[in-house]
Amino acid sequence: MSLLLCSQEYARRPLYVELLGIHLFTPQELSYVIYHYPLLVLDGFINDSLLEFLREELNMGLLAVKLERWLKRQEKLDEALLLILQESGYYSGAEIGRFKHRLAELRRKPPAEFSKLKADELFAMRQYARAAQLYQELLDRPADSHVDDGFLCRVLNNLGACHAQTFRFDKAYEAYEKAYLKNGQEEMLERMYQLTLMDSRVKLGEHIQAEVSEEQKMAWARRFAEAQLHGAQSDGVMQLEMLFKKDSIRRQTGQTELVHRWKQEFRRQFA
């Protein structure tokens with residue numbers, strides 16, 4: 001992710017936004033993040049670190065005082081976000097009006113749906129561990145009119161995608177299997193079978209094998225091979241990212257050898 005610098009106020013000590021994995025240096029960059037990623041800033045974004053950044057680095061002490069009052073009252077924090085946009089001068093009145101409408105729409109979402117949208121946003125930004133945590137929290141919620149089997153299947157699918165992106169193919173298989181047991185969709189069977197092709201240590205369970213014909217395996221293997229051929233022309237990480245998009249898995253795009261190499265590289269980051 002990159003941002004365009006367009007302000008003379010340039011922080012010597014930037015504000016690090018952990019969810020996005022970036023540093024902010026200017027009021028315009030701060031406004032850009034708020035405007036384009038509302039799901040990630042609606043709760044907890046206005047904190048002491050942000051206030052200090054405004055006071056000490058951007059020479060916006062008056063704005064910091066106003067935000068601090070909102071923070072102490074713990075009310076109308078959405079209005080505080082709007083105030084930041086107004087003070088930065090980066091967006092027009094019409095754009096701020098559209099942003100306000102977008103916030104109102106998000107606030108009307110049921111809590112479970114809001115959390116899933118936030119997790120989806122984190123997934124799209126490659127924050128797989130944080131997305132997986134939110135998906136798991138959704139699975140632990142008590143069932144209600146919004147958390148039904150259909151909703152849980154979508155969450156399980158996306159949780160499986162997170163695990164696959166971080167090379168935890170056994171965990172991905174477990175998530176897809178749970179989704180299949182809830183909805184019985186053939187595409188879940190194919191995803192589980194694809195995982196066995198990606199990692200030989202992942203095996204189809206006996207009860208799953210009984211539901212998969214040899215014709216299905218042959219068809220899925222052909223698609224897997226075609227995806228390998230296509231994916232071999234892509235560069236490293238993008239090959240694996242082509243597996244998934246939102247609520248549906250994409251086809252395997254990396255060669256098995258590359259997947260194992262990425263797995264080793266990923267684990268070395270935490271050694």
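At 64% relative accessibility, Ser145 counts as exposed, being over the 50% limit. In this predicted model, Ser145 is found in the loop that runs between helix 8 (128-139) and helix 9. Pro110 is 35 residues away from Ser145 along the chain, and the C-alpha atoms of Ser145 and Pro110 are separated by 9.9 Å.

The chain holds 15 helices and four strands. Of its 271 residues, 46% are buried. The accessible surface of the chain comes to about 14,700 Å², and carbon and sulfur atoms account for 48% of that area. Among contacts between residues at least 6 apart in sequence, 58% join residues at least 24 apart.

Helix 9 comprises 17 residues (149-165); at 1.5 Å a residue these should span 24 Å, and the end C-alpha atoms are 24 Å apart, in agreement with that expectation. Helix 9 is mostly covered, with 14 of its 17 residues buried. Just after helix 9, Phe167 takes a positive phi of about 65°.

The largest nonpolar core contains 80 residues, of which Ile34, Leu50, Leu54, Leu67 and Tyr135 touch the most other members. Helix 9 supplies the largest share of this core, eight residues. With neighbours within four places in sequence left aside, Tyr135 is in contact with Lys116, Ala119, Asp120, Phe123, Val155, Asn158, Leu159 and Cys162. Cys162 has a relative accessibility of 1% and therefore counts as buried, the limit being 20%. Cys153 is likewise buried, with a relative accessible area of 6%. The count of disulfides in the structure is zero.

Helix 11 (residues 186-198) was examined in the same way. Its 13 residues should span 18 Å at 1.5 Å a residue, and the end C-alpha atoms are 19 Å apart, which agrees. Helix 11 is mostly covered: ten of its 13 residues are buried, among them Met188, Leu189, Arg191, Tyr193 and Met198. Glu190 is also buried, with a relative accessible area of 5%.

Side chains of opposite charge can pair when their charged atoms come close. The structure holds twelve salt bridges. In one of them, Glu190 is paired with Arg223, the closest N and O atoms being 3.0 Å apart. Arg223 lies in helix 13 (residues 214-231) and Glu190 in helix 11, so this pair ties together parts that are 33 residues apart in sequence. Arg223 is partly exposed, at a relative accessible area of 33%.

A salt bridge also joins the side chains of Glu57 and Arg13, with an N to O distance of 2.9 Å. Because Glu57 lies in helix 3 (residues 48-57) and Arg13 in the segment before strand 1 (15-17), the pair ties together parts that are 44 residues apart in sequence. Glu57 counts as buried at 9% relative accessibility, whereas Arg13, at 52%, counts as exposed.

The side chains of Asp43 and Arg107 meet in a further salt bridge (3.5 Å, N to O). This pair links distant parts of the chain, 64 residues apart: Asp43 is in the loop between helix 2 (38-41) and helix 3, and Arg107 is in helix 6 (residues 93-107). Both residues are partly exposed, Asp43 at 45% relative accessibility and Arg107 with a relative accessible area of 37%. Salt bridges that share partners join Asp43, Asp78 and Arg107 into one network.

Note on methods. Residues numbered from 1 in each chain as written. Predicted model: local features only at pLDDT ≥ 70, side-chain atom pairs only at ≥ 80, totals over all residues. Heavy atoms only, no water. Helix = DSSP H or I, 4+ residues; strand = E, 2+ residues; numbered from the N terminus. Expected span 1.5 Å × (residues − 1). Buried < 20%, exposed > 50% of the residue type's maximum accessible area, 1.4 Å probe, protein only. Core = buried A, V, L, I, M, F, W, Y, C linked by side-chain atoms within 4.5 Å. Contact = heavy atoms within 4.5 Å. Disulfide = S-S within 2.5 Å. Areas by Shrake-Rupley, 256 points an atom, 1.4 Å probe, with all protein chains shown as cover. Salt bridge = Lys/Arg side-chain N within 4 Å of Asp/Glu carboxyl O.
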